[in-house]
Amino acid sequence: TFAGDINFGDSHFIGDDADDNLLIQSSANENIIIDSADDLILDANGNDIRFKVNSVEYGKFKNDSGDFAIFSSIQNKDILFKGNDGGSTITALQLDMSAGGVASFKNTVNVNSGRINFYDGASNSTLFHTGNDCVLFNEGAGAIRAFAGGSEKMRIQANGNVGIGTT
């Protein structure tokens with residue numbers, strides 16, 4: 001058993017903070033490196049792993065009723081998925097929190113053996129591939145409409161009538 005703080009040569013410190021939490025602190029302009037020959041395990045019974053800069057939380061990983069949640073803590077700040085593409089940093093996916101989580105992909109979105117569902121709270125529309133066919137399915141009573149050059153060019157009514165060049 002050891003009581004008190006441990007100070008290392010260059011103002012490195014292990015001890016308690018004012019709230020009796022374990023504090024590991026480095027000197028100014030120096031990193032803290034955790035290096036393991038095996039796995040690095042973070043086990044937090046409080047359900048959150050929080051990320052902060054100058055004591056301001058900007059994100060966290062959270063156990064949300066058993067679901068793994070990635071959380072942007074600052075109001076209207078996005079979640080970005082970045083990577084190295086041929087030596088350049090790109091944003092492959094942006095989840096826009098100020099727009100209710102709108103997902104913007106940098107390039108193509110591939111859906112393998114799946115469907116893309118559109119739901120407006122009242123009815124579904126689905127886009128999927130089967131055999132050699134591309135299928136657009138509208139569950140509601142509304143029409144399927146096609147636009148080009150800023151105006152409607154074709155409409156398929158729920159009753160099967162097709163209008164081309166007319167609405």
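Colleague: What makes strand 5 and strand 6 a pair?

Modeller: This is a predicted model, and everything here is computed from it. Two strands pair if DSSP finds at least two bridges between them. Strand 5 and strand 6 have 6 bridges, in the antiparallel sense. So they meet the two-bridge cut-off. Within the pair, Gly59 stands opposite Ser72.

Colleague: How many residues lie between strand 5 and strand 6 in their hairpin?

Modeller: There are 2 residues between them. Ser65 sits in that turn and has a positive phi of about 55 degrees.

Colleague: Why is Ser72 called buried?

Modeller: Its relative accessibility is 17%. Buried means under 20%. Ser72 is below that limit, so the label holds. Ser72 belongs to strand 6.

Colleague: What does the side chain of Ser72 reach?

Modeller: It reaches the backbone oxygen of Lys77, at 2.9 Å. The limit for a polar contact is 3.5 Å, so the 2.9 Å distance falls within it. Beyond residues up to four places away in sequence, Ser72 touches Tyr58, Lys77, Asp78, Ile79 and Met97.

Colleague: Now the charged residues. What makes Arg50 and Asp48 a salt bridge?

Modeller: Side chains of opposite charge can pair when their charged atoms come close. The closest N and O atoms of Arg50 and Asp48 are 2.7 Å apart. The cut-off is 4 Å. The 2.7 Å distance is within 4 Å, so the pair qualifies. The two side chains are also joined by a polar contact of 2.7 Å.

Colleague: Is Asp48 buried or exposed?

Modeller: Buried. Asp48 has a relative accessible area of 17%, and the buried label needs under 20%. Asp48 is found in strand 4, residues 48-53. Leaving aside neighbours within four places in sequence, Asp48 is in contact with Lys60, Phe61 and Lys62.

Colleague: Why is Arg50 called partly exposed?

Modeller: Arg50 has a relative accessible area of 44%.

Colleague: Which other residue meets Arg50 in a salt bridge?

Modeller: Glu57, at 2.5 Å from N to O. Glu57 is buried, with a relative accessible area of 18%. Asp48, Arg50, Glu57 and Lys62 are linked in a network of salt bridges.

Colleague: How many salt bridges does the search of the whole structure find?

Modeller: It finds 5. One of them joins the side chains of Glu152 and Arg145, at 3.4 Å from N to O.

Colleague: How do you know that the contact between Glu152 and Arg145 counts?

Modeller: The cut-off is 4 Å. The 3.4 Å distance is within it, so the contact counts. Glu152 is buried, at 16% relative accessible area. Arg145 is partly exposed, at 46%.

Colleague: Which residues form the nonpolar patch on the surface?

Modeller: Phe51, Val53, Val56, Tyr58, Phe61, Phe68, Ile70, Ile74 and Phe81. Together they have about 830 Å² of accessible area. Strand 4, strand 5 and strand 6 each give two or more residues. The largest share, 3 residues, comes from strand 5.

Colleague: Why are strand 11 and strand 12 called paired?

Modeller: 6 bridges join them, and they run antiparallel. Pairing needs at least two bridges, so the label applies. Phe128 stands opposite Val135 in strand 12. The two strands form a hairpin with 2 residues between them. Gly131, in the turn, has a positive phi of about 60 degrees.

Colleague: And Glu139: why is that residue called partly exposed?

Modeller: Glu139 is at 47% relative accessibility. Exposed would need over 50% and buried under 20%. The 47% value is in between, so Glu139 is partly exposed. Glu139 lies in the loop between strand 12 and strand 13. Leaving aside neighbours within four places in sequence, Glu139 is in contact with Ser123 and Asn124. The C-alpha atoms of Glu139 and Ala122 are separated by 9.7 Å, with the two residues 17 apart along the chain.

Technical notes. Residues are numbered from 1 along each chain as its sequence is written. This is a predicted model: local features need pLDDT of at least 70, side-chain atom pairs count only at pLDDT 80 or more; totals for chains, interfaces and linings use all residues. Side-chain values use heavy atoms; hydrogens and water are left out. Helices (H or I, at least four residues) and strands (E, at least two) are DSSP runs, numbered from the N terminus. A polar contact is a pair of N or O atoms within 3.5 Å; within protein, one must be able to donate a hydrogen and the other to accept it, and residues adjacent in sequence count only if both atoms are side-chain atoms. Contact means heavy atoms within 4.5 Å. Patches are made of residues with over 30% relative accessible area and no salt bridge: like charges are joined within 9 Å, nonpolar side chains (Val, Leu, Ile, Met, Phe, Trp, Tyr) within 5 Å. Accessible areas come from the Shrake-Rupley method with a 1.4 Å probe; for residues, only the protein chains shown count as cover. Buried means under 20% relative accessible area, exposed over 50%, partly exposed in between (1.4 Å probe, protein chains only).
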